[in-house]
Structures are given as structure tokens and as C-alpha cells.
Amino acid sequence: MKLGKLNLPLIITLLLFGAFVVIPMGSAFEYSIRRGLEGGYGLQNYLWAVREEDFSYYLIRSTWLSAVTVLITLVILVPTLTWIHLSNSKLRELIDGLSLLPLVIPVVAFAVGAQISFPEFIQSSVMELPFLYFILALPYAYRALDIGLKAIPLKTLSEAARSAGASWLRAIVIVILPVIRSAVTATIALTFALSIGEFTMTVLLHWDTFPTWVTYVAQDNLLGAIAISMIALLVPFVLISLVALLTPEKEIKESN
Amino acid sequence: MEKRGVRKGASFPISPSSILPALPFLLIFGFFFLFPISRLIYVSFMSNENTFTLGNFQTAFEKPYNSGFVNSIKLGLLSAAITAIPGAVAAYFIETRGSSRLKRTISSMNGVLANTGGVPLAFMFTSALGIQGFLTQALKAVGIDLYANSFSLGTFTGLLIVYLYFQLPLMIIVFSPAISSLRREWVEAATNLGANNLQYWLRIGIPLLLPSFLASFLLLFASGFSAYATANALTVGNVPLTPLQIGGLLDGNVSAAQLNLGKALGVVMIVISACAVIPYLLIQRRVARWQTR
């Protein structure tokens, strides 16, 4: 990046926006490394958090719930969207529209609806969450995959795969998925991120996951809870920024 | 999986009249989304004795629930109004002057920031703007005492400040595509026809960007209006907001004479949210015609 004269507005923008982002985050980080009553700084709150039995329990639980959400999203959306693109079905308009509907409904209202609608055997299983997360992530996941499929010669690819004797399942898994891998990666990333951080639906349906557990910790050990929040916030933040920073330009152009 | 003959296989699943391939999606979407929302609407018209009534809605527009709507709408509008222009300007400079790597990094960071909320966000602002907070102390050192006028993060003003933290990144995310599709040729064409910078912006730039700007504003409103987690973490029932009132009724922390009052509040929220999100979606669809490059 050249720091020429022209870029002064950009630098000012980045400084202001950087301060806006970093000051609250940095202040919370400073709290999280305080050593309580003794004063001074240390990592003891982080060590405390990681040693908590519930820490790994809820982290693992949230991780697999999010993994299941990603799986549901891909298994349902990739074949459906492939079919929509290939068939030019009249259902296309309908399904496009439906996929955006969850944006219209506030999560709180959706949670009330879920609570009064599902039969007992669904409400008593934590497996209802991945399906509800799937709905919450649908507008974004659908759009990401839709853009990916629009950009490739889908008809040629699937016809070639079919002529070579592949079943539809095989054609999707072996030929189509690898070609739209950047759209699939984006879909996985945003669905996973949304599910692992989801709070409102989870807490209103009385489930406990990593994000809701932090609320309880805060009542006993505030600094520990701040440390946990920092882990929950900074780890994805740093990971996602690093991935974006380190991905070579070339690969992006190719996969687009 | 059984291998089918090429012709037979190729014609079966892509036949436009067949809805079979869309069935799994439609079933799951119908059961986990359309069904609960329809039931919510239906039950909101039910009295305690399961007869039809408008009473739930009547109560929903009376005290203290009416002030919940007023506050939630105000919070949505104000948080959107404060962040819309700075976000649009930031998006403009980042999109037009940043390298593609910078753009990508900022856009992924914004994705994370726009989804921050709840307890982590509450902690960040307590650490920065609480009584002992870093920023509070720094401001005090230069002579500004935030807490002189009974300021607290758990008030309407406090929530408004905290909401800016996810609204500004959201504005940058939703407005950036509009900026990046402004073409350089348009500036050149305008200049060739003798327009100056101001004329370009007044006649071309702003009119082109205005629909996207309004659409972004509407989406920000909906996001601030329906946010639950952060307000739940920062307030203790002192700021009446509809999402919190619904949460309280759902948890049974608050009891109401009408069992289905919470459902009516939810339906009114959906109507208000739809008034913002549906125009947003329609505008986005229209501008997509010239935005696709």
C-alpha cells in the first residue's frame, strides 16, 4: 500500500475507525489481564477460564452444534440451488424470496413462535438448535452459494459429469463443490460464525451454549467472564483477519 | 447410489415441473420457520379461553408496552441515523482508495464486529465507558466528566452508544457494494462534459447512491430495533424495550393477565421490522441491475 498524498483521507478513516474498534476491545482486554486484588497484570484469568470444567464442555457443545448447522446448510442448500440453477424452475422466484424471509422476522419473535409450536420431543432435544440456526443463517448462506453457482458454467459441468457416468450425488460432490469452493468456504465461515455466537434464540429457548454460559460466569467471577468473552471475540477476529490478510491475491482472482 | 442411464437421469431431476428436488428445503423451511411464525400470528389473536380476540393487541399498545415500542423504534432510528453517514464515508474511502487486500481484511473484520453483541459487547463498553473505564478516566483527565450528569451504560443513551459499535461496521458492509460499483468512466464522462467535482456528486454520484443509502439505513434500523442480547446484558428492566419485554414474558419473569400478550408484541415487532426490511430488499433488488459488474 502506497502512503501517497492521495491516501490521506484513507489514513484518517482507518485511524478513526481503528480507534473506534480498538478502544473498547483494548479496554476489556486490559481488564481481562488484571490480577484482581494483588494488582499488576498476568494471565491468571485466562488460565482460570481454561481450567474450568464447563469451559471445554460448552466450547465443545457449541462447536458441534455449529458443525451440524454447517452440515445441514450444505446438504440442503447445495443440491437445492444446483437444481434451481439447472432447471429454471418456476419455483426459483418463490425459493429466492423465502430464503430472505428470516431477515424480516426479529429473532425474539421467531423464538416465541418456536416455543409455542414445536412438539415436546423436538423442544426437549438440543438438536432443534442447528435447524433454527440454519434458518437464521439462511439469507446469507443462500446468497453466498447463489453467487458462486451463478459464476460457473454449471450446465456444461454437470452435463459433462453426467455423460461420464456420474450420478447426481457424485456430480455435485466431485465436480460442482470443488468449482464453487470459495463460495462454499464463505458459506461455511459465516454459518459457523453465526451459530457459535448465537445468543438470543438459544437463551430464549432455555438452552445453554458457550455464549450463554458466559452470562452465568459473570455472576461469580467477573474478570474470568471478561477473559472468556475476550477469547470468544478475539480468536475468531484474529483468525478471520489473518486469513483475509494472508490469502494471496492470485488465488482470490482464480477462485472468483 | 444406483447409476442411471445418462439420458434418463439427466432429464429427471432437472425437469422444471418437478418440485421433488426442492422438497427437503421446503419441508425444513416450512416446519422450522413458516409453521412457528404462522402459529405465532394465529395465537396472538387468541384469548386465555382460546377464543378470537383483539385484546392482546389492545394491551400491546397500552402502558408500559407502548413505551417499549417508542423506545425500540427511537433506538433503531437514532443508532441508524448516527452511523449511516460516517459509515458511508468510511466505506467510500476504503472502497475507492484501499488496496484489495485491505478491503478484504476490513470486510471480514466488519463481519465479526457487526455480529458482536450480548455479554462480550457489554463488557467491552463497561471496561471503556464504565465509571472506572479507560475512556472515562482519559476524558476525566482532560476535564470531561461523563458521570457528572447521571450517565450510565444501562440507560437509553448508554445503549445507543453501545449499539453504534455493531451498527457502524454493518453500515460499511451493506453500503460498500454500492460504492464499488460506481464506475470511474462516469466521473470521466462527467468531467469531459464540463462538470466539476461538485456537479458530478450532486447530479450523478449522490442520486446513484441514494437508494442504496436509504436501503442500508432501513436495514440498520431493523437491526437496532430488534437487538436483544446487548440490551439484556446492560439493563435491569429500567429501559422499556419491546424485545426485552417479550423476553420477560416468555421467561415468566413478568406476568400478564393475558397469556398471549407476548405473541401480540412479537407480531407487532414483525410488522414494524417488515416495514423496514421489505423496502430494503426491494431497493437492493432494483439497484442490483446496475450494480452487477
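Trainee: What should I know about the model and its numbering?
Mentor: This is a predicted model, in which local features need pLDDT of at least 70, side-chain atom pairs count only at pLDDT 80 or more, and totals for chains, interfaces and linings use all residues. Residues are numbered from 1 along each chain as its sequence is written, while chains are lettered from A and ligands numbered from 1 in the order in which they are written.

Trainee: How many helices and strands does chain A have?
Mentor: Chain A has 14 helices and zero strands. Both are DSSP runs numbered from the N terminus: helices are H or I with at least four residues, strands E with at least two.

Trainee: And what does chain A span along its principal axes?
Mentor: The C-alpha trace of chain A spans about 75 × 65 × 35 Å.

Trainee: What share of chain A is buried?
Mentor: Of its 256 residues, 39% count as buried, that is, with 20 or more other C-beta atoms within 10 Å of their own, the C-beta atoms being placed from the backbone.

Trainee: What about contacts between residues at least 6 apart in sequence in chain A?
Mentor: Of those contacts, 75% join residues at least 24 apart. A contact requires C-beta atoms, placed from the backbone, within 7 Å.

Trainee: Now the helix pair. How do α3(A) and α10(A) cross?
Mentor: The axes of α3(A), residues 53-87, and α10(A), residues 181-197, come within 9 Å and cross at roughly 140 degrees. Axes are lines fitted to C-alpha atoms over the stretch in contact, and angles run from 0 to 180 degrees between N-to-C directions. The two helices α3(A) and α10(A) are therefore oblique to each other, since angles under 35 degrees count as roughly parallel, over 145 as roughly antiparallel, 65 to 115 as roughly perpendicular and the rest as oblique.

Trainee: Which residues meet there?
Mentor: Among them, Ser62(A), Leu65(A) and Val70(A) in α3(A) meet residues in α10(A) that include Ile188(A), Phe192(A) and Ser195(A).

Trainee: Turning to chain B, how many helices and strands are there?
Mentor: Chain B has 13 helices and zero strands.

Trainee: What box do its C-alpha atoms fill?
Mentor: The C-alpha atoms of chain B fill roughly 75 × 65 × 40 Å along the principal axes.

Trainee: And burial and contacts in chain B?
Mentor: Of the 293 residues of chain B, 42% count as buried. Among contacts in chain B between residues at least 6 apart in sequence, 78% join residues at least 24 apart.

Note on methods:
A residue is buried if 20 or more other C-beta atoms lie within 10 Å of its own, exposed if 12 or fewer, and partly exposed in between; C-beta atoms are placed from the backbone. Two residues are in contact if their C-beta atoms, placed from the backbone, lie within 7 Å.
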